[in-house]
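Hi everyone, thanks for having me.

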Amino acid sequence: HMHIISMKEFTRDMIDHVLEVAEEMEPIARSKSSSDLLKGKVLGVLFFEPSTRTRMSFEAAMMRLGGEVLSLGSVDASSVAKGETLADTIRVVAGYSNAIVLRHPMEGAARLASEFSAVPILNAGDGAGHHPTQTFLDLYTIKRESHLEGLKVALAGDLKYGRTVHSLCYALSLYGAEITLVSPPELSMPSEIIEDLKKKNIKVIEESSIEDAIQDVEVLYMTRIQKERFPDPAEYQKVANRLQITPEVLKNAKKNLRIMHPLPRTNEITPQVDKTAHASYFDQSFYGVPIRMALLCLVMGCLNE
Ligand code: CP
């Protein structure tokens, strides 16, 4: 099977293909119509952590392709509450479905699931690890609203625990990006990821001031401080509210700066920014539907090629 576990497994050609398929899907998503490409197929939906966008855009994507969704519902109401292992849950749900989308708090959960699954696994976030389907929609947004090749981009916020930026770095490195990292020192990008980028000759700049970082970039990718990943709540309080995008902060930004955010946000982008021409984060969340339509088609083989 083709599983979607990490961006590290995708070549530029494979990514470009997914983005092209998503472009074909976008009119269906935008017009809120449907097709029958996945008629008769069932998507198993296993979310062991909260979600709005990822879960609902996967479900919307499956429905717009004529397929059906089968959800675990609340973890508390399932046999996970009785102590059933992830491996056993996956083996069982694979018997009921044609593919499984999985979000789990444990890093490596999706990889583990793929070892026990008779159907494709789509990683919808594994702890502080990876969130590859988010990266596909991020790339789609960048392609639509800016450009991918040689992009000047700043990644800001929680670069330590933020799985979306971990996955995004690997993908951007395939397009020769110049990457500026902005975070409190306690939340900097894991050194192994920075080393991987440097091995690919990607220029990585570490910057402490958000105002300085945004003067020269075309995309600012902001992230939420991942409160739920902090072992000690006192450590979270030290970094909460450290970075915030306001219209004032954007005074020296390039006119064509695009601000992205995987959402949900807390207070790192103030609502006043939503009205500016820089704000791309709600368009970005919409692109989750055509991208996930493309990915579901890819793993369940509904494309004629
Ligand atoms: N971007 C994202 O993963 O959002 P949700 O947690 O709401 O799915």
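Predicted model: local features only at pLDDT ≥ 70, side-chain atom pairs only at ≥ 80, totals over all residues.

Find glutamine 134: a polar atom in its side chain sits 3.0 Å from a nitrogen atom of the ligand. Histidine 131 also comes in with a polar side-chain atom, this one 3.0 Å from an oxygen atom of the ligand. Then there's arginine 53, where an N or O atom of the side chain is 2.9 Å from a ligand oxygen. So how much of the ligand does the protein bury? On its own the ligand would expose 250 Å², and the protein buries 91% of that.

Who else is around the ligand? The surrounding residues include Ser51, Thr52 and Thr54, along with Arg103, Pro262 and Leu263.

Now let's zoom out. The chain has 11 helices and 9 strands. Its radius of gyration is 19 Å, close to the 19 Å from the globule rule for 305 residues, so the chain is as compact as a globular protein of that length. If you draw a box around the C-alpha atoms along the principal axes, you get roughly 55 × 45 × 40 Å. And of those 305 residues, 54% are buried.

Last stop, the surface. Leu70, Val92 and Tyr96 make up a nonpolar patch there, and together they have about 290 Å² of accessible area. Is valine 92 buried or partly exposed? Its relative accessibility is 36%, so it counts as partly exposed.

How values were computed
Residues numbered from 1 in each chain as written. Heavy atoms only, no water. Patch = residues over 30% accessible without salt bridge, like charges linked within 9 Å, V, L, I, M, F, W, Y side chains within 5 Å. Areas by Shrake-Rupley, 256 points an atom, 1.4 Å probe, with all protein chains shown as cover. Salt bridge = Lys/Arg side-chain N within 4 Å of Asp/Glu carboxyl O. Buried < 20%, exposed > 50% of the residue type's maximum accessible area, 1.4 Å probe, protein only. Near = heavy atom within 4 Å. Polar contact = N/O pair within 3.5 Å; in protein donor to acceptor, adjacent residues only side chain to side chain. Helix = DSSP H or I, 4+ residues; strand = E, 2+ residues; numbered from the N terminus. Rg over C-alpha atoms; globule rule 2.2 N^0.38 Å.
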